[in-house]
Amino acid sequence: MRTLNLWPREFSPVARRLIATRSGGVCEGCGVAPAAQVHHRLFKSRLGFGNPANGLHVCVGAVGGNIDGCHGTAHSGYIGESVGWSIRSGFDPLLVPVFRRADSSWWRFDDAGAKEQINPLTAIEYLVLIGSIREGAGR
């Protein structure tokens, strides 16, 4: 269930500043490369908004855009959803955890631009619950 969202569909300068501060300029996906773009975790086509919890500061590869780098992975379907970089319709970005590859850590973002590290088991159980990770996948 989604909470009432009063943010615009696009990321405002304020939201972008909060997201950039949260990331420290480093990709929030890989945790290594410089972040170049702000990605809507819950896509605008899925009724996503420009709130900081919905934003993921990501790197782009040599091609750019949402084709490669962590931005490309976020748009890859199941893989992006299984790490919280993309969110299925109807779910709240405030609740969906985000995986950072560099240190294998899980995080939750809020709309004040803060992040909180969460227990990996808690993150995975939630992603299974909402169908972003299929039980038994990879076995």
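**Close-up 1. Pairing of β4 with β5 in the predicted model.** β4 (105-109) and β5 (115-118) run antiparallel and are joined by four bridges; strands are DSSP runs (E, at least two residues) and helices likewise (H or I, at least four), numbered from the N terminus, and two strands pair if DSSP finds at least two bridges between them. Tryptophan 106 stands opposite isoleucine 118 of β5. The model is predicted: local features require pLDDT of at least 70 and side-chain atom pairs pLDDT 80 or more, whereas totals for chains, interfaces and linings use all residues. Residues are numbered from 1 along each chain as its sequence is written, and side-chain values use heavy atoms, leaving out hydrogens and water.

**Close-up 2. The open sheet β3-β4-β5.** This three-stranded sheet has antiparallel pairing. β3 and β5 are the edge strands, each pairing on one side only. Neighbouring strands are turned by 40 degrees against each other on average, direction ignored (axes are lines fitted to C-alpha atoms, for helices over the stretch in contact, with angles from 0 to 180 degrees between N-to-C directions). α4 packs on the sheet, touching β4 and β5, and its direction makes about 65 degrees with that of β4.

**Close-up 3. Surroundings of tryptophan 85.** Beyond its neighbours within four places in sequence, tryptophan 85 contacts residues including His39, Leu56, Cys70 and Phe99 (contact: heavy atoms within 4.5 Å).

**Close-up 4. Positive phi at leucine 47 and serine 104.** Leucine 47, not a glycine, has a positive phi of about 70 degrees and lies in the loop between β1 and β2. Serine 104, also a non-glycine residue, has phi near 55 degrees and lies in the loop between β3 and β4.
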